[in-house]
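These are my notebook entries on a structure I looked through. I record what I looked up, entry by entry.

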Amino acid sequence: MKQLVRGIDALVAGIGRAASLLNILLIILVVVDVLLRWFFSLTAAWVIELEWHLFSLIFLLGIPYALQQDRHVRVDLFYEKFSPADKRLVNLVGGLIFLLPWAVVLLYFSTQYAYESWLSAEGSPNPNGIPRYFPIKAVVPFSAALLILQGLAECYRAATDTTPQPEES
């Protein structure tokens with residue numbers, strides 16, 4: 001089981017790090033877009049759509065990584081003062097009651113959403129927009145599946161007291 005959890009961690013960490021590199025691409029794209037608009041009054045629908053597609057990828061692929069690295073949003077009013085055992089219990093109960101059911105619902109509905117987009121060859125309604133939306137929509141269920149895997153790994157760690165230390169940023 002520990003080897004499976006390590007494999008999940010490695011997969012999520014690799015995808016999370018790769019997604020973080022998309023920030024550089026997004027910054028370059030936005031800067032070029034702004035400069036072209038400012039100096040030449042040039043822009044294109046596909047550029048603006050690509051910007052939000054990249055942001056979506058960064059966000060969706062970063063969610064499981066943020067969970068793994070314990071960088072997710074949490075109300076630390078009480079949690080910060082809890083003992084390690086109490087923190088593990090909160091993480092286990094929170095994972096089982098909130099995280100995993102929500103991620104399963106997200107996986108279920110987003111799979112249908114992506115499938116319908118693929119069937120209809122959905123694309124941008126804007127002239128010169130991105131011709132196909134289904135690849136980005138397919139990332140939603142992929143991200144949900146990664147979140148389920150990472151959630152299971154986190155629950156396993158909480159239940160067995162094998163919590164690793166987050167990476168240094």
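**Entry 1. The end of helix 1.** I began with serine 41, which sits just after helix 1 and takes a positive phi of about 55°. I note at the outset that the model is a predicted one. I then turned back to helix 1 itself, which runs over residues 2–40. Helix 1 has 39 residues, and from its first C-alpha to its last it reaches 57 Å, close to the 57 Å expected at 1.5 Å a residue.

**Entry 2. The overall fold.** I counted the elements next: the protein has five helices and zero strands. Read from the N terminus, their order is α-α-α-α-α. I recorded a C-alpha trace that spans about 60 × 35 × 30 Å along its principal axes. Of the 169 residues in the protein, 33% are buried. I also looked up the contacts with a separation of 6 or more, and residues 24 or more positions apart account for 73% of them. The accessible surface comes to about 10900 Å², and carbon and sulfur atoms hold 71% of that area.

**Entry 3. The buried side of helix 1.** I asked which residues of helix 1 are buried. They are Val5, Ile8, Asp9, Val12, Ala13, Ile15, Gly16, Ala19, Leu26, Leu29 and Asp33. Helix 2 (45–68) and helix 5 are included in what covers these residues.

**Entry 4. The nonpolar patch.** I next looked for nonpolar residues at the surface. I found a patch of about 1300 Å², made by Leu21, Ile24, Ile27, Ile28, Val31, Val32, Leu35, Leu36, Trp38, Phe39, Phe40 and Leu42. I checked one member in detail: leucine 21 lies in helix 1. Leucine 21 has a relative accessible area of 54% and counts as exposed, because the cut-off for that class is over 50%.

**Entry 5. Aspartate 9.** Aspartate 9 also has its place in helix 1. Its relative accessible area is 15%, so I list aspartate 9 as buried. I asked which residues aspartate 9 is in contact with, leaving aside its neighbours within four places in sequence. The list is Gln68, Gln150, Ala153 and Arg157. With arginine 157, the side chain of aspartate 9 makes a polar contact of 2.7 Å.

**Entry 6. Salt bridges.** How many salt bridges does a search of the whole structure find? The search finds five.

I took the pair within helix 1 to begin with. Arginine 37 and aspartate 33 meet through their side chains in a salt bridge of 2.5 Å, N to O. The two residues are four apart in helix 1, which means that about one helical turn separates them. Aspartate 33 is buried at a relative accessible area of 4%, whereas arginine 37 is partly exposed at 39%.

I then looked up arginine 88, which forms a salt bridge with aspartate 161, with the closest N and O atoms 3.0 Å apart. This pair links distant parts of the chain: arginine 88 is in helix 4 (residues 84–119) and aspartate 161 is in the segment after helix 5 (134–160), 73 residues apart. Arginine 88 is buried, with a relative accessible area of 19%; the cut-off for buried is under 20%. Aspartate 161 is partly exposed at 48%.

Lysine 137 and glutamate 122 form a further salt bridge, in which the closest N and O atoms are 2.6 Å apart. Lysine 137 lies in helix 5 and glutamate 122 in the loop between helix 4 and helix 5, so this pair ties together parts that are 15 residues apart in sequence. I list lysine 137 as buried at 12% relative accessible area, and glutamate 122 as partly exposed at 26%. I also recorded a network, in which salt bridges that share partners join Asp9, Glu154 and Arg157.

**Entry 7. Phenylalanine 134.** Phenylalanine 134 is partly exposed, with a relative accessible area of 24%. Not counting residues up to four places away in sequence, phenylalanine 134 touches Ala114, Ser117, Trp118 and Glu122. I also looked up its separation from isoleucine 28: the two C-alpha atoms are 24 Å apart, and the residues are 106 apart along the chain.

Terms used
Residues numbered from 1 in each chain as written. Predicted model: local features only at pLDDT ≥ 70, side-chain atom pairs only at ≥ 80, totals over all residues. Heavy atoms only, no water. Patch = residues over 30% accessible without salt bridge, like charges linked within 9 Å, V, L, I, M, F, W, Y side chains within 5 Å. Areas by Shrake-Rupley, 256 points an atom, 1.4 Å probe, with all protein chains shown as cover. Salt bridge = Lys/Arg side-chain N within 4 Å of Asp/Glu carboxyl O. Buried < 20%, exposed > 50% of the residue type's maximum accessible area, 1.4 Å probe, protein only. Contact = heavy atoms within 4.5 Å. Expected span 1.5 Å × (residues − 1). Polar contact = N/O pair within 3.5 Å; in protein donor to acceptor, adjacent residues only side chain to side chain.
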